[in-house]
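Trainee: I have a new model open and would like to learn how to read it. Could you walk me through it?

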Amino acid sequence: MSAALKPIQDYSLLTDDECDVRIQAAKKTLGERCVILGHHYQRNEVFKHADVSGDSLKLSKYAAESKADYIVFCGVHFMAEVADILSRPEQVTILPDLAAGCSMADMANLKNVERSWQELNSVLNADEQITPVTYINSAADLKAFCGRHDGIVCTSSNAEKVLNWCFDKREKILFFPDEHLGRNTGYRMGIPQEEMVVWDFSQPLGGLTEEQIKSAKMILWKGFCSVHQMFQTKQIDDFKKKHPDTIVIAHPEANFEVCEKADYVGSTEMILKTVREAKPNTRWLVATELNLVNRLKEEVKDQKKEVHFMSPTVAMCSTMFRTDPQHLAWALENLVEGHVVNQIQVASDDKLMAKKSLDSMLSLF
Ligand code: CIZ
Ligand code: SF4
């Protein structure tokens with residue numbers, strides 16, 4: 001007979017070192033039945049236990065191809081949902097702390113998006129003229145909305161390809177929830193700023209005139225990442241005054257002005273690859289989450305590359321930070337006892353339609 005479910009309270013007083021020992025022991029017992037995925041933004045104390053690290057898409061794809069029965073996703077809620085959607089039905093996805101959400105993903109919800117779609121329908125024929133695109137940083141029901149409306153999902157590493165696919169089908173895009181990724185990608189594809197309008201869902205007709213909607217190519221949901229909004233052009237200017245040879249690299253969730261000033265703009269995977277492959281004796285100013293930047297700094301310092309974080313203030317993702325060694329130890333030790341805690345299960349009708357929009361994206365590569 002298996003032991004009773006272990007309550008999280010029993011873990012809250014454990015030190016990180018105590019958790020380390022217990023996590024390692026549980027991993028050993030579970031062996032290949034369990035895979036731990038660590039997103040690039042996870043804190044070191046958790047990241048070091050990951051079997052694989054990567055961006056959300058790479059991790060979910062890995063999970064789906066793995067033999068593991070249990071996928072323990074050290075990341076945030078929407079990522080675990082994607083893993084559940086892409087994995088086999090018998091695989092179980094676990095999010096060690098259910099409070100690990102994403103504030104950007106929460107800026108769009110199904111009710112707001114459906115209301116917006118109806119409003120857009122009062123001005124034009126939305127289903128014939130607009131392709132809805134959701135950034136992977138969104139809830140599964142929004143991915144399902146895209147599936148139902150012949151839309152698609154994108155990530156920060158494939159947004160341009162996805163937008164090209166959309167423009168081959170219809171003339172306009174409704175892009176949610178990140179205004180910045182939408183604008184930065186559209187602009188790099190040659191869409192003029194005036195043809196990209198911001199949809200403020202708290203206002204009737206998104207705060208736009210019918211004329212603005214009719215002439216727009218991209219309608220950008222007014223959402224943003226609280227971490228990436230901290231980066232400002234002044235930080236680049238100040239740093240470059242001291243070190244003019246600095247190479248600037250930014251994530252496309254940063255604002256338009258920062259991305260315009262950057263030498264490179266790209267996803268977390270792209271940022272890591274670019275700096276890793278750069279020549280020695282180069283100096284980098286990086287605009288993305290602090291845990292990733294700090295690890296990269298350590299990794300490349302022996303290659304005589306200097307990595308600096310763009311913001312003078314700490315810009316960690318507070319929801320990514322929720323996953324701590326205590327929650328990881330709790331989830332794993334319960335698995336050892338045969339108890340699944342914090343399983344992420346997308347409702348079956350949403351799953352089908354969300355998979356359709358994810359598969360549309362995956363088929364482009
Ligand atoms: O898709 C991801 O993992 C996120 C949130 C960002 C990125 O650029 O990888
Ligand atoms: Fe969401 Fe921003 Fe955190 Fe990424 S860094 S998970 S977009 S809040």
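Mentor: Gladly! Let's begin with an idea we will need: a polar contact is a pair of N or O atoms within 3.5 Å. Keep in mind that this is a predicted model.

Trainee: Which side chain has a polar atom 2.5 Å from an oxygen atom of ligand 1?

Mentor: Thr268 has one, with its polar side-chain atom 2.5 Å from a ligand 1 oxygen. His251 also places a polar side-chain atom 2.5 Å from an oxygen of ligand 1. For Ser156, an N or O atom of the side chain is 2.5 Å from a ligand oxygen.

Trainee: How much of the accessible area of ligand 1 does the protein cover?

Mentor: On its own, ligand 1 has 270 Å² of accessible area, and the protein covers 98% of that. The space ligand 1 takes up is the largest pocket.

Trainee: Which residues surround ligand 1?

Mentor: Among them are His39, Asp55, Ser56, Met79, Tyr135, Ile136 and Asn137. Sorted by class, the shell has seven polar, three nonpolar and one charged residues.

Trainee: Now for the rings. How many aromatic pairs are there in the whole structure?

Mentor: Rings of Phe, Tyr and Trp pair if their centres lie within 6.5 Å, and planes over 60 degrees apart count as edge-to-face. A search of the whole structure finds seven such pairs. One of them joins Phe145 and Phe176, edge-to-face, with 6.3 Å between centres and 65 degrees between planes.

Trainee: Where in the chain are Phe145 and Phe176?

Mentor: Phe145 belongs to helix H7 (residues 140-148) and Phe176 to strand S7 (residues 172-176). They are 31 residues apart, so this pair links distant parts of the chain.

Terms used:
Residues are numbered from 1 along each chain as its sequence is written. Chains are lettered from A and ligands numbered from 1 in the order in which they are written. This is a predicted model: local features need pLDDT of at least 70, side-chain atom pairs count only at pLDDT 80 or more; totals for chains, interfaces and linings use all residues. Side-chain values use heavy atoms; hydrogens and water are left out. A residue is near a molecule or strand if one of its heavy atoms lies within 4 Å of it. A polar contact is a pair of N or O atoms within 3.5 Å; within protein, one must be able to donate a hydrogen and the other to accept it, and residues adjacent in sequence count only if both atoms are side-chain atoms. Accessible areas come from the Shrake-Rupley method with a 1.4 Å probe; for residues, only the protein chains shown count as cover. On a 1 Å grid over the protein atoms alone, a cavity is a set of points where a 1.4 Å probe fits but cannot get out, and a pocket is an open set with protein on both sides within 12 Å along at least five of seven lines; lining residues have an atom within 4 Å of a point. A molecule sits in a cavity or pocket if more than half of its atoms lie within 2 Å of its grid points. Ala, Val, Leu, Ile, Met, Phe, Trp, Tyr, Cys and Pro count as nonpolar, Asp, Glu, Lys and Arg as charged, and the others, Gly among them, as polar. Rings of Phe, Tyr and Trp (its six-membered ring) pair if their centres lie within 6.5 Å; planes under 30 degrees apart count as stacked, over 60 as edge-to-face and the rest as tilted. Helices (H or I, at least four residues) and strands (E, at least two) are DSSP runs, numbered from the N terminus.
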